[in-house]
Amino acid sequence: MASRVALKGKGKTTKGSKGSNEQSTIQAFKEWTTWTVKKAKVIVHYGFIPAVIIIGMNSEPKPHLSQLLSPV
């Protein structure tokens, strides 16, 4: 009987590993998602109070800006 030599590839290889095209698509999606979430956090952070003031000014009865900003 002849002995067989099994060659191992270098690096991590797993069964069912995805192709490089799928990995680049997944990586691009993750980067896009991260970028979008960061921008959304900034928009919400700086836009929440002005949005509340604008909504308050458009309600009935129509208050003045000083009435909206005063604690009384």
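I note that the model is predicted. I then looked up burial and found that buried residues make up 3% of the 72 residues in the chain. For secondary structure, I recorded two helices and zero strands.

*Helix H1.* I read its limits as residues 20-57. H1 has 38 residues and spans 54 Å from its first C-alpha to its last, close to the 56 Å expected at 1.5 Å a residue. I located a kink of about 45° at Gly47 in H1, shortly before the proline Pro50.

*Nonpolar patch.* I found a nonpolar surface patch of about 400 Å², made by Val44, Phe48, Ile49 and Val52. I recalled that an α-helix has 3.6 residues a turn, so residues three or four places apart point the same way. I checked Ile49 of this patch, which lies in helix H1. Ile49 is exposed because its relative accessible area of 54% is over the 50% cut-off.

*Gly56.* I next turned to Gly56, also placed in helix H1. Gly56 counts as buried because its relative accessibility is 15%, under the limit of 20%. Which residues are in contact with Gly56, leaving aside its neighbours within four places in sequence? I found Pro63 and Leu68.

Conventions: Residues numbered from 1 in each chain as written. Predicted model: local features only at pLDDT ≥ 70, side-chain atom pairs only at ≥ 80, totals over all residues. Heavy atoms only, no water. Patch = residues over 30% accessible without salt bridge, like charges linked within 9 Å, V, L, I, M, F, W, Y side chains within 5 Å. Areas by Shrake-Rupley, 256 points an atom, 1.4 Å probe, with all protein chains shown as cover. Salt bridge = Lys/Arg side-chain N within 4 Å of Asp/Glu carboxyl O. Helix = DSSP H or I, 4+ residues; strand = E, 2+ residues; numbered from the N terminus. Buried < 20%, exposed > 50% of the residue type's maximum accessible area, 1.4 Å probe, protein only. Expected span 1.5 Å × (residues − 1). Bend = angle between axes of the 7 residues up to and from the residue. Contact = heavy atoms within 4.5 Å.
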